[in-house]
Amino acid sequence: MVRLNPYELAKVFSTALCQPHTSIRDLTDFVNSVKKYPFASVAVDTYHFPLLFELLKGTEIDAACAISYPLGGLQIDVTADHIKWAVDHGADEIDVVMNMSAFKSGKYDKVKEEMREYVSAAQGKIVKCIPCTDYLTQDEIRRVARIMVETGVSILKTNAGYKQVTKYDDVKIIKEEVGENLKVMSAGGVRNADIALGMIKAGVDRIDSGTPFNVLNTLSTAMATYTKEELETIANRVEEMNRNQPKVRGKIYD
Amino acid sequence: MIKITPEDMAKRVDQTNLHEEATEEEMQSFFEEAKKYQFVTVAILPNQIKLAKRVLKGSGVKIVAAIAFPLGSTSPELKALETRRAVEDGADEIDMVINNCALHSGQYDVVKKDIEGVVKAANGRPVKVIIEVSFLTPELFEKACKIAMEAKADFVKTSTGFKRFSGWRPTTVEDVLEMKRIVGKKMKVKPAGGISTTEQALAMYVAGADRIGASAGVKFIEDLKKASK
């Protein structure tokens with residue numbers, strides 16, 4: 001029997017709602033739908049965060065806060081202050097965008113120092129750092145992954161979304177470069193289960209989707225394109241991903 | 001007929017570069033160019049202000065910091081903090097994104113206090129409130145402008161120009177005229193977002209734009225120089 005189903009898949013999925021027209025009503029409806037599944041985390045902006053925190057009380061879904069999002073354009077100390085604010089307000093996970101300008105300018109020591117500062121500001125909470133791989137060459141992706149390993153960042157989250165897309169190869173080369181020393185979360189362009197399963201085969205540790213219900217609803221269609229053996233392998237991998245998931249709020253789902 | 005010189009246009013253009021992946025070298029040349037063309041300001045992300053300050057020193061070109069950009073739904077205390085730090089680093093003007101979430105949730109008090117917090121932190125520097133017209137009904141458009149006015153901001157601005165939002169649209173002359181109808185002479189108006197041709201910039205100018213936000217400022221000036229020959 002294949003153990004892959006929407007409920008199992010949700011355990012290794014994160015989602016977010018950060019649009020310029022998101023109202024309190026939209027967020028409440030969204031989170032109430034999300035709560036029907038054991039998702040790993042939900043991320044929102046700082047203004048929405050206290051509400052998200054309330055809505056997720058009593059669940060094992062991590063409350064994540066998007067910081068310097070989606071451009072990474074704040075000064076380092078200001079970004080760190082935002083992170084501290086989020087942690088003070090109960091954030092389990094921090095989704096912070098890297099200072100891309102410094103990285104693209106070759107200031108790798110500065111980038112490393114910046115990430116360490118974010119990790120320190122997060123006071124033990126999970127830090128997902130976003131380098132926006134969509135704008136990076138393969139060499140740059142390898143380099144940023146190597147830098148991140150040395151900083152205590154928990155998860156490399158590939159992109160911030162908003163039309164940025166993660167390629168299967170991005171995930172593969174990051175895993176090739178850093179192995180088990182850094183978790184990889186694919187974010188950007190995972191619109192359906194077909195892409196999600198492709199990401200799992202590429203070696204991802206967690207997946208983010210802005211359209212999580214579409215992913216879950218298309219799972220059976222996507223599974224139809226695989227053999228029973230392949231699905232068994234993917235199901236095993238999903239179990240393993242779930243077991244090794246860094247999470248603050250709850251235990252890893254049994 | 002209205003005669004618009006290249007100098008007139010340069011005085012209206014907030015020359016904009018909000019590319020998060022722009023290198024220091026690219027930003028440096030962008031600032032040098034702004035200096036050469038004597039744009040009234042450059043509009044940039046907060047982590048570029050210090051560099052801008054160094055390169056633009058003594059040039060007369062002012063620095064605009066984009067705050068809570070582009071989502072706007074930042075906690076008010078953090079938005080004020082961003083503003084304070086932008087000012088410390090050398091920002092001369094603040095372009096803040098309105099609290100979109102509060103606006104779309106009908107929490108008008110929050111929207112107003114959020115702007116007031118930024119105005120206070122800006123400590124006398126002009127504050128522009130970006131209302132993102134793409135996602136507003138005519139009623140919310142008007143409400144947003146009026147709140148910005150009550151909160152004593154200096155400008156209303158049409159859009160972040162962040163084209164990656166689904167459903168985003170470029171700013172039109174109609175947006176500018178509607179803003180001017182709402183705020184009258186009490187506030188200035190800045191169209192921004194998708195103004196990429198000189199014809200569009202001229203149309204905005206004639207419609208009464210007090211500033212024009214664009215990354216194509218150099219093209220506007222060069223076209224006007226050619227036309228005046």
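## A charge over a ring

A charge is said to sit over a ring if NZ of Lys or CZ of Arg is within 6 Å of the ring centre and within 35 degrees of the ring normal. In this predicted model, the charged end of B:Lys143 sits in that way over the ring of B:Tyr108, at 4.9 Å from the centre of the ring. Another arrangement of this kind brings B:Lys128 over the face of B:Phe155, where the distance to the ring centre is 5.3 Å.

## Aromatic pairs and a cluster

Rings can also lie beside other rings, and a pair of aromatic rings is described by the distance of the centres and the angle of the planes. Over all chains, the structure holds 13 aromatic pairs. A:Tyr69 belongs to the loop between E3 and H4 of chain A, while A:Tyr162 belongs to the loop between strand E6 (155–157) and helix H8 (168–178) of chain A, so the pair ties together parts that are 93 residues apart in sequence.

One aromatic cluster brings together A:Tyr69, A:Tyr162, B:Phe135, B:Phe162 and B:Phe165.

A:Pro70 is placed in the loop between strand E3 (62–67) and helix H4 (76–88) of chain A. In chain B, a cis peptide bond joins B:Phe69 and B:Pro70, again with omega of about 0°, and B:Pro70 is placed in the loop between strand E3 (62–67) and helix H4 (76–89) of chain B.

The loop between E3 and H4 of chain B also holds B:Ala68. Although B:Ala68 is not a glycine, its phi is positive, at about 55°. Is B:Ala68 buried or exposed? With a relative accessible area of 6%, B:Ala68 is buried, because a value under 20% counts as buried.

## Two further loop residues

A positive phi is found in chain A too, where A:Gln123, a residue other than glycine, has a value near 45°. A:Gln123 is placed in the loop between helix H6 (108–121) and strand E5 (126–130) of chain A, and its relative accessible area of 48% makes A:Gln123 partly exposed.

In chain B, B:Thr137 is found in the loop between strand E5 (127–130) and helix H7 (138–150), and B:Thr137 is partly exposed, with a relative accessible area of 41%. A polar atom of the side chain of B:Thr137 lies 3.1 Å from the backbone nitrogen of B:Leu140. B:Thr137 and B:Asn99 are 38 residues apart along the chain, and their C-alpha atoms are separated by 16 Å.

## Enclosed spaces

How many cavities of 30 Å³ or more does a search of the whole structure find? The search finds 2 of them. The largest cavity holds about 220 Å³ of space. It is lined by 23 residues, and those closest to its centre are A:Ser68, A:Tyr69, B:Phe69, B:Thr74 and B:Glu82. Sorted by class, the lining of the largest cavity consists of 13 nonpolar, 8 polar and 2 charged residues.

The second largest cavity holds about 50 Å³ of space. Its lining includes A:Glu180, A:Lys183, A:Asp205 and A:Arg237. Helix H12 (residues 228–243) of chain A gives the most to this lining, with 3 residues. By class, the lining of the second largest cavity has 5 charged, 2 polar and 2 nonpolar residues.

Key
Residues are numbered from 1 along each chain as its sequence is written. Chains are lettered from A and ligands numbered from 1 in the order in which they are written. This is a predicted model: local features need pLDDT of at least 70, side-chain atom pairs count only at pLDDT 80 or more; totals for chains, interfaces and linings use all residues. Side-chain values use heavy atoms; hydrogens and water are left out. On a 1 Å grid over the protein atoms alone, a cavity is a set of points where a 1.4 Å probe fits but cannot get out, and a pocket is an open set with protein on both sides within 12 Å along at least five of seven lines; lining residues have an atom within 4 Å of a point. Grid points are joined across faces, edges and corners, and a volume is the space filled by probe spheres set on the points. Ala, Val, Leu, Ile, Met, Phe, Trp, Tyr, Cys and Pro count as nonpolar, Asp, Glu, Lys and Arg as charged, and the others, Gly among them, as polar. Helices (H or I, at least four residues) and strands (E, at least two) are DSSP runs, numbered from the N terminus. Buried means under 20% relative accessible area, exposed over 50%, partly exposed in between (1.4 Å probe, protein chains only). Rings of Phe, Tyr and Trp (its six-membered ring) pair if their centres lie within 6.5 Å; planes under 30 degrees apart count as stacked, over 60 as edge-to-face and the rest as tilted. A polar contact is a pair of N or O atoms within 3.5 Å; within protein, one must be able to donate a hydrogen and the other to accept it, and residues adjacent in sequence count only if both atoms are side-chain atoms.
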